[in-house]
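Subject: Structure handover, with notes on salt bridges and cores

Hello,

Here is the structure I promised to pass on to you.

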Amino acid sequence: MIRQLIRPLALALALPLAFGAASTAQAQAWPAKPIRMIVPFPPGGGTDILARLVAQKLTETNHWTVVPDNRAGAGGTIGIAEAARAAPTGYDIVMGQKDNMVVAPWLYKNLSYEPTRDLAAVAHVAFTPVVIVTQANSRYKTLDDVVKAARAAPDTITYGSPGNGTTIHLAGEIFNGAAKIKMRHVPYKGSNAAMMDVLAGNVDLMVSSVPSAMAQIKAGKLRPLAVTSAKRSSSLPDTPTVAELGYKGFDVSTWYGLFVPAKTPKDVIATLNAEVNKLLATPEMQAAIIAQGAEPQSMTPEQFGTLLKTDYEKWKGIVQASGATIE
């Protein structure tokens, strides 16, 4: 009789334990299917280059399947909005950057996402200055040549950017103000389209992330005139900063990193962060990122989240001071 009572009791106790073990095993099995990496700009630009590099290395190193998915448009905000809407399961991640995470929300009046609320920071990947470039055979040999020409004929010199509302676009507008000149902004849908037009001579200059312009600079087809960061780029050590050329305090750079929808499980975020940081610590990955004109830099999710919030508030003032808005 006692045995008959003990057996059902033991079974009842064992079921929750077995269920818990199954749940733990299921959680540990992530990722159990392909991971989509949303790239909010077209192929060929700096964001796309870095996203594909990270996706490739995560796939090779961990035997995961990480698939880049370009969702371009509206200064990178379309791809970020799609990531913010995705289910928080860990199978949708996005390569965001300062442009669409901290600048666009203050430019666009009707964005469907609020980055500090709707997305969670996972892993910082790299940062890069912005570079001002022109065609190799352009009449502009230095940044001073551009300023003199712009003062002599306001609103005639054109500069292309990857799109309205990007950090790169605003770097050009901030330089307009610092130099007291007026260059005409020509927005494109991504860096590649802008690059083609500056190489063809259809626009005078391009303001670009260093990764987007690096291949054409190395090929001798573009001439870098200045970088916009506080210090010189290690990828372009001979190119002066805007600050060095007489515009003290000028400092505009951008960063790249991975984000997931808010409420994504913390263990998934921790796993992704650890694996990305392992990659960033390898000489091979560091060399690959530097070769693209960016500077690798790892952070914890908490550090990256703090950077997001700090820059979000900082760029509110910069955008409002510029007077720029996008409907």
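Below are some notes on the salt bridges and then on the nonpolar cores.

Before the details, please keep in mind that this is a predicted model, where local features need pLDDT of at least 70, side-chain atom pairs count only at pLDDT 80 or more, and totals for chains, interfaces and linings use all residues. Residues are numbered from 1 along each chain as its sequence is written, and side-chain values use heavy atoms, with hydrogens and water left out.

Salt bridges

Searching the whole structure turns up 14 salt bridges (a side-chain nitrogen of Lys or Arg within 4 Å of a carboxyl oxygen of Asp or Glu). One of them pairs Arg 36 with Asp 69, with 3.0 Å between the closest N and O atoms. Arg 36 sits in strand E1 (residues 35–39) and Asp 69 in strand E2 (residues 66–70), so this pair ties together parts 33 residues apart in sequence. Helices (H or I, at least four residues) and strands (E, at least two) are DSSP runs, numbered from the N terminus. Arg 36 is partly exposed at 21% relative accessibility, while Asp 69 is buried at 17%. For these words, buried means under 20% relative accessible area, exposed over 50%, and partly exposed in between (1.4 Å probe, protein chains only).

Two further pairs lie within helices. In helix H2 (residues 46–62), Asp 48 and Arg 52 are four residues apart, about one helical turn, and their closest N and O atoms are 2.8 Å apart. Asp 48 is buried, at 5%, and Arg 52 is partly exposed, at 33%. In helix H6 (residues 143–152), Asp 144 and Lys 148 are likewise four residues apart, with a closest N to O distance of 3.2 Å. Here Asp 144 is partly exposed at 40% and Lys 148 is exposed at 54%.

There is also a network: Arg 36, Asp 69, Arg 71, Glu 82 and Asp 92 are joined by salt bridges that share partners.

Nonpolar cores

A nonpolar core here is a set of buried Ala, Val, Leu, Ile, Met, Phe, Trp, Tyr and Cys residues joined through side-chain atoms within 4.5 Å. The largest has 49 residues, and Phe 175, Met 183 and Phe 259 touch the most other members. Leaving aside residues up to four places away in sequence, Phe 259 has contacts (heavy atoms within 4.5 Å) that include Ile 93, Met 101, Leu 119, Phe 304 and Leu 308. Apart from this core lies another, of 32 residues, among them Met 37, Trp 64, Leu 279 and Ala 294.

Best wishes
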